[in-house]
Amino acid sequence: MTAGWTEECRRIGGGDHPVIALHGWFGSGEAWAPIWPHLDRDAFTYAFPDYRGYGRRKGEPGEFTLAEAAADVLALADAQGWDRFSLVGHSMGGIVMQRVLADAPDRVRAMVGVAPVPASGVPFDAETRAVFDGAADDPALRRAIVDMTTGKRLTGVWVDAVVAHSLENADRDAFAAYLRAWADTDLHEEVEGSPVPVLAVAGEHDPALGADALRPTFGAWYPEAEIEVMANAGHYPADEVPVALATTIERHLAGRT
């Protein structure tokens, strides 16, 4: 593990409740920036790390697997002196946080998935999988994915910015490998029945990981799961409705021991 994970990771707040926020396939730790002004820094301390091959960790070698990412999360928590902590995960980060839960169930206080990948991964039809596989080398396919998963309703200026962030903040081989990690892994039997409080947030305009995908997965596997549909959002609520998302996250996490 490099110092970049523990020392250069963005930290916000000084509260007693530690929260590690895990980014999505197209993101980085900095992709959470739209919600930063709206977080309660007195109640929570947030860490916004990058996976290997992303953001501050571009160029860092790795296997780019869920197991490796989860081990790095636990190493981060250890380095910060956090015995117990909560997890927030966007998209791919949703299955990473569930890998952390499976590996260290006694350390996780609560979880919030934001358009999260279920613990079963994401089965694709052949045509859609070809688009996702091709996105590692074709920015136009990345753009099509972002546009589709937000309901084809947002300005192209923003869609282009998400694609640019992805291209600038992810090594090509890491990006390609993480697709296989989040799409093709099924770990739901390792977390099924966990009593951890879970909130799964679905954007109303997300055709990929909306409420219909989260109810039979998160809703079925976690006895303490809640599913919340977020209005005026697709797959990127941190960008689309940052104040509402920050409020929703902290409402769920507040008081969890």
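In this briefing a residue is called buried when its relative accessible area is under 20%, exposed when that area is over 50%, and partly exposed in between, with a 1.4 Å probe and protein chains only. By that rule Asp-103, at 40% relative accessibility, is partly exposed. The structure is a predicted model, in which local features need pLDDT of at least 70 and side-chain atom pairs count only at pLDDT 80 or more, while totals for chains, interfaces and linings use all residues. Residues are numbered from 1 along each chain as its sequence is written, and side-chain values use heavy atoms, with hydrogens and water left out.

**The sheet and its helices**

- Helices (H or I, at least four residues) and strands (E, at least two) are DSSP runs numbered from the N terminus, and two strands pair if DSSP finds at least two bridges between them.
- Seven strands form an open sheet with mixed pairing, in the order β1-β3-β2-β4-β5-β6-β7; its edge strands, each pairing on one side only, are β1 (10–12) and β7 (225–230).
- On average, neighbouring strands of this sheet are turned by 20 degrees against each other, direction ignored, where axes are lines fitted to C-alpha atoms (for helices over the stretch in contact) and angles run from 0 to 180 degrees between N-to-C directions.
- In general, strands of a sheet pair through backbone hydrogen bonds, either parallel or antiparallel.
- The pairing of β1 with β3 is antiparallel and extends over three bridges, and Arg-10 stands opposite Phe-48 in β3.
- Helix α3 lies across β2, β4 (85–90) and β5 (108–114), and it runs at about 150 degrees to β4; contact here means heavy atoms within 4.5 Å.
- Helix α12 (residues 242–253) lies across β2, β3, β4, β5, β6 (198–203) and β7, running at about 155 degrees to β5.

**Salt bridges**

- A salt bridge is counted when a side-chain nitrogen of Lys or Arg is within 4 Å of a carboxyl oxygen of Asp or Glu, and a search of the whole structure finds 17 of them.
- One of these joins Glu-30 to Arg-56, with the closest N and O atoms 3.3 Å apart. Glu-30 lies in the loop between β2 (17–22) and β3 (44–48) and Arg-56 in the loop between β3 and α2 (66–80), so the pair ties together parts that are 26 residues apart in sequence.
- Glu-30 is partly exposed, with a relative accessible area of 26%, and Arg-56 is also partly exposed, at 38%.
- Asp-103 and Arg-99 meet in a salt bridge of 2.7 Å, N to O; the two residues are four apart in helix α3 (residues 92–103), a separation of about one helical turn. Arg-99 counts as buried, at 12% relative accessibility.
- Arg-172 and Asp-137 meet in a salt bridge of 2.8 Å, N to O. Arg-172 lies in helix α7 (residues 172–183) and Asp-137 in the loop between α4 (126–134) and α5 (139–149), so this pair ties together parts that are 35 residues apart in sequence.
- Arg-172 is partly exposed, with a relative accessible area of 38%, whereas Asp-137 counts as exposed at 54%.
- A network of salt bridges links Arg-52, Arg-57, Glu-60, Glu-68 and Asp-72.

**Aromatic rings**

- Rings of Phe, Tyr and Trp (its six-membered ring) pair if their centres lie within 6.5 Å, and planes under 30 degrees apart count as stacked, over 60 as edge-to-face and the rest as tilted; the count by this rule comes to 18 aromatic pairs.
- The ring centres of Tyr-51 and Tyr-178 are 5.7 Å apart and the planes stand at 45 degrees, so the pair is tilted. Tyr-51 is in the loop between β3 and α2 and Tyr-178 in helix α7, 127 residues apart, and the pair thus links distant parts of the chain.
- Tyr-51 counts as buried at 2% relative accessibility, and Tyr-178 counts as buried at 3%.
- The rings of Phe-132 and Trp-182 have centres 6.2 Å apart and planes at 75 degrees, so the pair is edge-to-face. This pair links Phe-132 in helix α4 with Trp-182 in helix α7, 50 residues apart, and both residues are buried.
- Ring pairs link Trp-25, Phe-26, Phe-124, Phe-132, Phe-175 and Trp-182 into a cluster.
- Arg-142 lies over the face of Phe-175, at 3.9 Å from the ring centre; a charge sits over a ring if NZ of Lys or CZ of Arg is within 6 Å of the ring centre and within 35 degrees of the ring normal.
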